[in-house]
Number of protein chains: 2
Amino acid sequence: MIADALSTAPDAPTRQASVRLGALAHETRLTVFRALMRAGPEGLAAGALAEAAQVSASNLSSHLGVLLGAGLVSVRRDGRQRIYAPDFEAVRELLGFLVNECCQGAPEVCGGLVKC
Amino acid sequence: MIADALSTAPDAPTRQASVRLGALAHETRLTVFRALMRAGPEGLAAGALAEAAQVSASNLSSHLGVLLGAGLVSVRRDGRQRIYAPDFEAVRELLGFLVNECCQGAPEVCGGLVKC
DNA sequence: CAAATATTTCAAGAGATATTGAAATGAGAA
DNA sequence: TTCTCATTTCAATATCTCTTGAAATATTTG
């Protein structure tokens, strides 16, 4: 599909949002993602995440690949471990997309949501 | 699995959030959901949604079933059409879950997000 | 260098989801 | 009643996604 001027392909933000939502739409990945958000920019090693989520290293690794592919996390190497950290900008984008969607129809849905 | 005191099954909110995220994690469904949010409580007929998302009636119907199963939308019958409407309470719950997760690690991610 | 550690990659099988088109259902209109 | 319209249900197929375990890779330590 080189040029699809006549098709109704969803726009890029919608596509990206659905990829990111899909990345979070798995209990193991959501658990891992929550742990990373709690950990903050420092991040956590893959091993620590495997333990937190109670899954095998290889299973975890494939889930981390999905989160990475969605751009929700990043990795860096530290010695023999790999440290994963949340990508806050991506999270902000995703939340912004959802909030904007919901506010269009119902501002009251969002009001009072952010109580940081 | 009647009693899983020793297992590390994710808690109910996490499970519910992952089901709802999964329901939104599809371009057709996300498009449909956006249209419903924009339409507001009045909702939209299945036919209108099929046209908006450019998919067949039967394909749309199965996607609506997923959104319904996740509790993100409700249906009512009006003559021979079925009108779908967003469930704002469910949306609020989901956004609240995400925002709380992200605020735990990084309050600044959420700040200034709600500009309704 | 050899051993140990942390993690990823790969391949295979299982399971879940998506897409189609045809048939069924349930109104309302003629 | 019979026709048409709006929508769902069903069954079949196709396509992803998950999970596993074994093997590969990279890095530090002895």
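Contact means heavy atoms within 4.5 Å.

I am working on a predicted model, where local features need pLDDT of at least 70, side-chain atom pairs count only at pLDDT 80 or more, and totals for chains, interfaces and linings use all residues. Residues are numbered from 1 along each chain as its sequence is written, chains are lettered from A and ligands numbered from 1 in the order in which they are written, and side-chain values use heavy atoms, with hydrogens and water left out.

**Chain A, overall.** In chain A, 56% of the contacts with a separation of 6 or more come from residues 24 or more positions apart. Next I checked confidence, as pLDDT (the predictor's confidence in each residue, from 0 to 100). Chain A has a mean pLDDT of 87, with 83% of its residues at 70 or more. Residues 1-7 of chain A fall below 50, and this stretch has 1 contact in the model beyond near neighbours in sequence.

I then checked burial. Buried means under 20% relative accessible area, exposed over 50%, and partly exposed in between, with a 1.4 Å probe and protein chains only. Chain A has 116 residues, and 42% of them count as buried.

Secondary structure came next. Helices (H or I, at least four residues) and strands (E, at least two) are DSSP runs, numbered from the N terminus. Chain A holds 6 helices and 3 strands. Read from the N terminus, its elements go α-α-β-α-α-β-β-α-α.

**Sheet of chain A.** Which order do the strands take in the open sheet of chain A? I read β1-β3-β2, with antiparallel pairing. β1 and β2 of chain A are the edge strands; each has a single partner strand, so one side of each is left without a neighbour in the sheet. Pairing here requires at least two bridges found by DSSP between two strands.

I went through the pairs. β1 (residues 44-45) and β3 (residues 81-86) of chain A are antiparallel and joined by 2 bridges. Leu44(A) faces Tyr84(A) of β3(A) as its opposite residue. Between β2 (residues 73-78) of chain A and β3(A) I find 6 bridges, again antiparallel. On that side, Val73(A) stands opposite Pro86(A), and Ser74(A) stands opposite Ala85(A). β2(A) and β3(A) make a hairpin with 2 residues between them. Gly79(A), in the turn, has a positive phi of about 65°.

**Sheet of chain B.** β2(B) pairs with β3 (residues 81-86) of chain B over 6 bridges, in the antiparallel sense. Asp78(B) has Gln81(B) of β3(B) as its bridge partner.

**Thr14(B).** I picked one residue in helix α1 (residues 12-24) of chain B, Thr14(B). Is Thr14(B) buried or exposed? Thr14(B) is buried, at a relative accessible area of 1%. With neighbours within four places in sequence set aside, Thr14(B) contacts Leu30(A), Thr31(A), Arg34(A) and Phe97(B).

**DNA strand C.** A residue is near a strand if one of its heavy atoms lies within 4 Å of it. I list 19 residues around DNA strand C, the closest being Gly47(A), Ser58(A), Arg80(A), Tyr84(A) and His63(B). Of the DNA strand C atoms within 4 Å of the protein, 66% belong to sugar or phosphate and the rest to bases.

I looked at phosphate oxygens individually. A backbone N or O atom of Gly47(A) sits 2.7 Å from one. A polar backbone atom of Arg82(A) is 3.5 Å from a phosphate oxygen. For Arg29(B), a side-chain N or O atom is 3.1 Å from a phosphate oxygen. The elements giving two or more residues to this surface are α3 (46-53), α4 (57-69) and β3 of chain A, together with α4 (57-69) of chain B. α4(B) gives the largest share, 4 residues.

Last entry: the residues of the surface near DNA strand C split into 4 nonpolar, 10 polar and 5 charged.

How values were computed. Polar contact = N/O pair within 3.5 Å; in protein donor to acceptor, adjacent residues only side chain to side chain. Nonpolar A, V, L, I, M, F, W, Y, C, P; charged D, E, K, R; others polar.
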